[in-house]
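Visitor: I have a structure open and want to learn how to read it. Where do we start?

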Amino acid sequence: MRPCGPPCVATFTDDVLKELLMRRAALLGLLFALPVALVSCAPAAPVEMRDPPYVRLPEPAPPQHTALMTGPAVAASQAVSKASLFPALLPIRKQLIVSTPFPWRYVVLHHSATPNGNASEFDAQHRRKGWDGLGYDFVIGNGHDSGDGEIEVGYRWRGQLQGAHAGNFVYNRYGIGICLVGNFETAAPSARQISATAELLAYLLVKFRIPPQNVTMHRTFRDTACPGKRFPFSQLVAEAQRIAAKAR
Ligand SMILES: [Zn+2]
């Protein structure tokens with residue numbers, strides 16, 4: 001992980017300006033793309049067809065966006081870039097910002113159910129299954145094959161592509177997939193994993209105006225133990241809300 005000195009602060013300022021411009025583009029994209037996507041729920045890009053078949057379940061609750069990207073949202077976006085509130089995001093800040101953000105509505109939390117691993121290893125595993133590659137958007141390491149609390153960004157996030165992590169069309173299409181390395185059936189995530197996940201969640205909640213109740217665990221809608229009974233879901237969402245409130 002590259003140490004971050006004063007130049008990063010300047011870059012952050014640039015990124016804030018870039019985000020403001022992108023928010024205008026995102027608003028237009030949201031207005032035109034979302035109704036189309038909701039009417040025709042079919043993945044269009046051929047590359048997505050190689051991912052596992054998705055189980056189509058009833059549409060979850062509609063997004064509870066109370067307002068579009070107006071003044072307060074822009075202000076929140078500006079504030080969320082405060083480096084002091086998001087130290088775990090500093091190393092990935094440039095990868096977080098995408099040129100054409102997708103109108104994400106959910107966040108789905110997973111564990112790897114393995115004692116170790118990282119984005120590269122999971123990418124290889126998923127390719128061996130015949131998928132396009134890493135099914136998650138983000139992987140948060142536990143100190144074995146990547147740093148403890150290190151956030152790795154997947155190609156699906158960088159390209160704002162449909163995920164392959166939920167086994168459900170809606171949550172794959174509209175849900176951001178985050179996988180914490182570890183098996184939380186037997187042990188809880190590390191403190192660094194929890195704080196990094198909370199920061200990432202807070203950023204995503206503010207940037208995409210995702211309501212906290214739309215953060216969910218894999219097992220909430222699928223027959224799976226993921227992310228394990230020791231996963232501190234309520235603590236994570238509460239911490240994310242606390243950070244998001246400061247950012248606002
Ligand atoms: Zn899962």
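Guide: Start with a term. Helices and strands here are DSSP runs, a helix having at least four residues and a strand at least two, numbered from the N terminus. This is a predicted model. In it, α7 is followed by Arg209, whose phi is positive, near 50°.

Visitor: Where does Arg209 sit, and is it buried or exposed?

Guide: Arg209 belongs to the loop between α7 and β5. It has 21 C-beta neighbours inside 10 Å, so it counts as buried. A residue needs 20 or more for that label.

Visitor: Let me step back. How many helices and strands does the chain have?

Guide: The chain has 9 helices and 5 strands. Read from the N terminus, the elements go α-α-α-β-α-β-β-α-α-β-α-β-α-α.

Visitor: How do I read the sheet, and in what order do its strands lie?

Guide: The general idea comes first. Strands of a sheet pair through backbone hydrogen bonds, either parallel or antiparallel. In this structure, 5 strands make an open sheet, ordered β3-β2-β4-β1-β5, with mixed pairing. β3 (148–153) and β5 (215–217) are the edge strands; each has a single partner, so one side of each lacks a neighbour in the sheet. From one strand to the next, the twist averages 25°.

Visitor: What does the pairing of β2 with β3 look like?

Guide: β2 covers residues 138–142 and pairs with β3 in the antiparallel sense, over 4 bridges. Find Val139; Glu152 in β3 stands opposite. Then look at the hairpin of β2 and β3, with 5 residues between the strands. There Gly143 takes a positive phi near 95°.

Visitor: Which strands does α7 lie across?

Guide: α7 spans residues 191–207 and lies across β1 (106–111), β2, β3, β4 (175–180) and β5. It runs at about 40° to β3.

Visitor: How many residues of α7 are buried?

Guide: In α7, 13 of the 17 residues are buried, so the helix is largely enclosed by the rest of the structure. For the chain, 38% of the 248 residues count as buried.

Visitor: What does α7 give to the largest nonpolar core?

Guide: The largest nonpolar core has 48 residues. Val107, Ile178, Leu201, Ala202, Leu204 and Ala240 touch the most other members. Elements giving two or more residues are β1, α4 (119–128), β2, α6 (169–174), β4, α7, β5 and α9 (233–247). α7 gives the largest share, 9 residues.

Visitor: Take Ile178. What is it in contact with?

Guide: Skip neighbours within four places in sequence. Ile178 is then in contact with Val107, Leu109, His110, Tyr136, Asp137, Phe138, Ile140, Thr197 and Leu200.

Visitor: What share of contacts join residues at least 24 apart?

Guide: Among contacts between residues at least 6 apart in sequence, 78% join residues at least 24 apart. Pro91 is in the loop between α2 (71–80) and α3 (93–96). It counts as partly exposed because it has 18 C-beta neighbours inside 10 Å.

Visitor: Where is the peptide bond that is cis?

Guide: Go from Cys226 to Pro227; that bond is cis, with omega near 5°. Pro227 lies in the loop between α8 (218–221) and α9.

Visitor: Last point. Where does pLDDT stay under 50?

Guide: Where pLDDT is low, the predicted coordinates should not be read in detail. The chain has a mean pLDDT of 80, and 67% of its residues reach 70 or more. Over residues 30–49, pLDDT stays under 50, and the model has 11 contacts there beyond four places in sequence. Residues 62–76 are also below 50, with 16 contacts in the model beyond near neighbours in sequence.

Definitions and conventions
Residues are numbered from 1 along each chain as its sequence is written. This is a predicted model: local features need pLDDT of at least 70, side-chain atom pairs count only at pLDDT 80 or more; totals for chains, interfaces and linings use all residues. Two strands pair if DSSP finds at least two bridges between them. Axes are lines fitted to C-alpha atoms, for helices over the stretch in contact, and angles run from 0 to 180 degrees between N-to-C directions. Two residues are in contact if their C-beta atoms, placed from the backbone, lie within 7 Å. A residue is buried if 20 or more other C-beta atoms lie within 10 Å of its own, exposed if 12 or fewer, and partly exposed in between; C-beta atoms are placed from the backbone. A nonpolar core is a set of buried Ala, Val, Leu, Ile, Met, Phe, Trp, Tyr and Cys residues joined through C-beta atoms within 7 Å. pLDDT is the predictor's confidence in each residue, from 0 to 100.
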